[in-house]
Structures are given as C-alpha cells and as structure tokens.
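Here is a quick tour for anyone meeting this structure for the first time. Take a look at the sequence and the model, and then we'll walk through a few spots together.

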Amino acid sequence: MKNKDDMRRVRGMLTLRAYDTAGVELWCDAGNNHIVATGYAAAAEALAGVPGARIARVGAGTSGSEPTDNDTPIADAVFVDIQSVEYPAPATVRFNFTFGYADAVGMAIREFGLYTSDGRLFSRKVREPIEKTPYMSLVGTWDIHF
C-alpha cells in the first residue's frame with residue numbers, strides 16, 4: 001500500500017466589514033492574503049508548542065507594495081488584539097478582530113497584517129486604501145486554511 005500526501009500551500013482570506021456609528025453596514029470586502037516566510041516558520045513552531053508563535057494581533061498599515069515571501073513588519077502599523085478564535089471547518093482557523101471607532105483614525109489603510117504574539121508577521125493583505133474616520137469601525141475575520 002502506498003501512502004500519498006499531496007502538499008497544499010497554506011492560504012488565507014481576509015473579510016472586512018465597515019460600520020457607521022449607528023451600526024449600519026457600509027460595505028463588505030473579502031480577498032486572499034499572502035502567507036510570508038516568517039508565517040510558515042511560526043506555523044511550524046506553533047505545532048511544537050512554542051508560546052510566541054500563536055497568532056495574537058492584527059496590524060493596519062500604509063504601504064501599498066505588493067506582498068512577497070520576504071515581507072517583515074507592515075508600515076506605520078496600528079495594532080488591535082485578536083478578540084476570539086473559531087474553527088469553522090476542518091483545517092481552518094478564524095481570527096476575529098475589530099478596529100474600533102477610535103483606532104487608526106486619519107490613516108489611509110492600505111495593508112493588513114496578521115501577527116504572532118512575539119511580533120512576527122504571519123500573513124499580509126494589500127488593498128485599495130480605506131480612509132479611516134472616527135465614524136467607522138472595521139470588523140474583520142481572517143481565515144487561515146491548512
């Protein structure tokens with residue numbers, strides 16, 4: 001009997017919803033992210049139980065440069081903590097977060113980064129700018145599929 005283990009790349013999907021101060025959804029957007037080299041290293045360490053390798057924060061930044069495997073911290077980052085973690089499907093983990101009305105105000109957000117608790121970039125998503133105001137909150141889910 002032959003064992004077969006097809007290699008699949010880890011992939012991710014970032015979904016963002018913007019809300020006004022009355023809680024009305026303004027828009028929703030979703031797109032694939034880029035898992036960076038430090039992300040793959042962190043995933044391996046997380047399997048071994050290394051405490052600093054767990055996903056803990058999301059950063060919003062200003063660089064619109066295309067993601068590469070060698071990306072490190074995002075530009076001018078403002079961070080929020082992961083609020084909760086879910087497992088919506090086999091081999092999928094979902095990280096829930098919110099950039100509240102007071103977070104990243106005045107920033108033209110062009111990138112998002114998923115970070116480990118020891119500060120390493122796991123994955124990065126670049127998008128059209130979001131002009132963040134105190135009248136908008138961003139609620140996000142970041143799914144990682146293994």
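Let's start with E45, D118 and R120, which are linked in a network of salt bridges. (A salt bridge here is a side-chain nitrogen of Lys or Arg within 4 Å of a carboxyl oxygen of Asp or Glu.) This is a predicted model, where local features need pLDDT of at least 70 and side-chain atom pairs count only at pLDDT 80 or more, while totals for chains, interfaces and linings use all residues. Residues are numbered from 1 along each chain as its sequence is written, and side-chain values use heavy atoms, with hydrogens and water left out.

In the pair E45 and R120, the closest N and O atoms are 2.7 Å apart. E45 sits in helix α1 (residues 37–47) and R120 in the loop between β8 (108–116) and β9 (121–131), so this pair ties together parts that are 75 residues apart in sequence. (Helices, H or I with at least four residues, and strands, E with at least two, are DSSP runs numbered from the N terminus.) D118 also bridges to R120, with 3.1 Å between the closest N and O atoms. Both E45, at 28% relative accessibility, and D118, at 43%, count as partly exposed. (Buried means under 20% relative accessible area, exposed over 50%, and partly exposed in between, using a 1.4 Å probe and protein chains only.)

## A bridge between strands

How many salt bridges are there by this rule? The count comes to seven. One of them joins D143 and R94, whose closest N and O atoms are 2.7 Å apart. D143 is in strand β10 (residues 136–145) and R94 in strand β7 (residues 92–99), so the pair ties together parts 49 residues apart in sequence. D143 is buried, at 10% relative accessible area, whereas R94 is partly exposed at 22%.

Is N96 buried or exposed? With a relative accessible area of 11%, N96 is buried. Leaving aside neighbours within four places in sequence, N96 is in contact (heavy atoms within 4.5 Å) with residues including I82, S84, G140 and T141.

## Who lines α1's share of the pocket

The largest share of the lining of the largest pocket, six residues, comes from α1.
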